[in-house]
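Here is a short note for a colleague new to this entry. Please read the points with the structure open.

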4 protein chains.
Amino acid sequence: MPPQLPGGARMAIRILITGGTFDKEYDELAGSLFFKDTHIHEMLRLGRCRLEVAVRTVMMVDSLEMTEADRATILANCRQAPEDRIVITHGTDTMADTARALVAAAIGKTIVLTGAMIPYAFGSSDGLFNLGSALSFAQVLPAGVYVAMNGRCFAGDRVRKNRDSGVFEEG
Amino acid sequence: MPPQLPGGARMAIRILITGGTFDKEYDELAGSLFFKDTHIHEMLRLGRCRLEVAVRTVMMVDSLEMTEADRATILANCRQAPEDRIVITHGTDTMADTARALVAAAIGKTIVLTGAMIPYAFGSSDGLFNLGSALSFAQVLPAGVYVAMNGRCFAGDRVRKNRDSGVFEEG
Amino acid sequence: MPPQLPGGARMAIRILITGGTFDKEYDELAGSLFFKDTHIHEMLRLGRCRLEVAVRTVMMVDSLEMTEADRATILANCRQAPEDRIVITHGTDTMADTARALVAAAIGKTIVLTGAMIPYAFGSSDGLFNLGSALSFAQVLPAGVYVAMNGRCFAGDRVRKNRDSGVFEEG
Amino acid sequence: MPPQLPGGARMAIRILITGGTFDKEYDELAGSLFFKDTHIHEMLRLGRCRLEVAVRTVMMVDSLEMTEADRATILANCRQAPEDRIVITHGTDTMADTARALVAAAIGKTIVLTGAMIPYAFGSSDGLFNLGSALSFAQVLPAGVYVAMNGRCFAGDRVRKNRDSGVFEEG
């Protein structure tokens, strides 16, 4: 299948929010990090994004605490979405695990997982860069599961996070 | 040609800097906007980008002041670059004109133009989002000239900036 | 008169907005700087300011374009304000001129002028620092006219902006 | 003693760094907050501060973990400083405790404690506002111990942090 050139007929993209560093905020009374609402709408606005997107917050969890039941929920949301192209925001620590679970399910859609090393709310986040990247890969790649991090795109079953460097690599 | 899956062999990308809002700074003595150096290196660092990129500042101009000679210089840089995949940062006002000039030259490389509506230095820029987007499209699209703005990707000879809304659209 | 210790009975402070770099914004369609609304309310919120303040936008002008009639308007606002302590946000280029005009009027209130070298909207402004400074000087200094810039406080009739360095100094 | 008008002879200010939210950073590998170096130099630069300041990092601790020995160290640093005017950056949770300890020591200098509810590194900090405020109070108030938070200035032995609102108040 040749890559569909975006910009012809607009294609709709589903964005599933699952939490992760992407959406962490600073609780100034407790002095700790927590989840409130997703920043995705503000980020799409800042990016002047004009894609047709449908956002759904599936959960708001630290990916180290994500269970198999959570992954089943994410998979169900991918299946049920009317869109064939899906971006999932996800904590980086177990992003590769969720990608593998989605690969195994083989649902025949283009699914791109992405996340951030720095919370968007902290002003110097890689999240805006990664979001632009993930939405772009999602528009042109054929059905499959991918991880978009560090400007690169990895096959969902051949990627891992290097815990020493914080960088994603094949493996 | 099927889309090459990035993340296998790393591909090198040439980034050509031409100026535009992307790189404008605030001159606090004169109270006006001006060009100094490109912010691309800082942006790639913030985005934790690990692509193999080669950056070259070709010019630093407001795109309203870009001449045909300037466009010839950009084209020459595209031709001479050893890389087959090129991202060009460019002012938005005449981005579509430069894209058309590159389409006409038909040099057989994947060229993606992008820019920003807000200077990166102003903290709330769409530039980081667009840069992530352009670098991603550049990795997977076949040879051709494209404009990556607003999260979308347009064919280089069928795009224009809507001056009332500031949004890119087909045309 | 010993300095009144703030924190006892709360004192009210009048904030007069006159424009200047402090409140400039970036017009992304025109690519130029312009005035819209003051950012003072957002700045006071960010600073978690709990002073009793009354904000009034007197004008929104570049201080290089400020006329004698404008200065008369500022003076009238200082006189008419029920508060004895006043902070004025002002463009830096003619801040010293307005300060001298207020000194000459000798209205017996504590008036502190301040401004910014970088627009607040650009994210890296000195405006938040200067605002904290001006509000503090305004609480403890005796009646008189002052300029609060660069962390320092100058007598209103012995201050000038060094146009080469952008720094305020005695003179 | 009448308030000395700053801007005449420049007075030197000692800044003592003790840690607190002010200087917390985000560890992107661990996903948690930690201390590295103080941001005070960058903040003074952003604020275009031209005061003569001497900065000394005394400790880098969360104020909830500050011991009596730590407070003795802070007091010793206040005594030994050649300057008569001192600003101390401090975590907000026990700032009032340290202020009381300094009041009890009665060393005859002007000491202003300040801090932040949001880490400076998070981009939307109250720290820059508070720093401008503390440096200004330190220049004009007579000898004594003060807390500068929320734009206000409190006597060091009559202040507390309201843990529900995060706001400082008399008490």
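**Notes on the interface and side-chain pairs**

1. Chain B and chain C bury about 1,300 Å² between them, and carbon and sulfur atoms give 59% of that area. Buried area here is the accessible area (1.4 Å probe) that two parts lose on being put together, summed over both. Tyr26(B), Leu29(B) and Phe122(B) supply 42% of what chain B buries against chain C, more than any other three residues.

2. A word on the basis. This is a predicted model: local features need pLDDT of at least 70, side-chain atom pairs count only at pLDDT 80 or more, and totals for chains, interfaces and linings use all residues. Residues are numbered from 1 along each chain as its sequence is written, chains are lettered from A and ligands numbered from 1 in the order in which they are written, and side-chain values use heavy atoms, with hydrogens and water left out.

3. How many residues does each chain bring to the contact? Chain B gives 16 residues and chain C gives 16 residues, with contact meaning heavy atoms within 4.5 Å. The copies meet through the same surface, because 100% of the interface residues of chain B are also interface residues in chain C.

4. Now the symmetry. Chain B superposes on chain C by a rotation of 180 degrees with 0.0 Å of shift along the axis, at RMSD 0.0 Å. In chain B, the C-alpha of Phe122(B) is nearest the axis, 2.0 Å from it.

5. Between chain B and chain C there are zero salt bridges. A salt bridge needs a side-chain nitrogen of Lys or Arg within 4 Å of a carboxyl oxygen of Asp or Glu.

6. Salt bridges do occur elsewhere: the count over all chains is 36. One of them joins the side chains of Asp93(A) and Arg163(A), at 3.4 Å from N to O. These two residues sit in distant parts of the chain, 70 residues apart.

How values were computed
Least-squares fit on C-alpha atoms with pLDDT ≥ 70 in both. Helix = DSSP H or I, 4+ residues; strand = E, 2+ residues; numbered from the N terminus.
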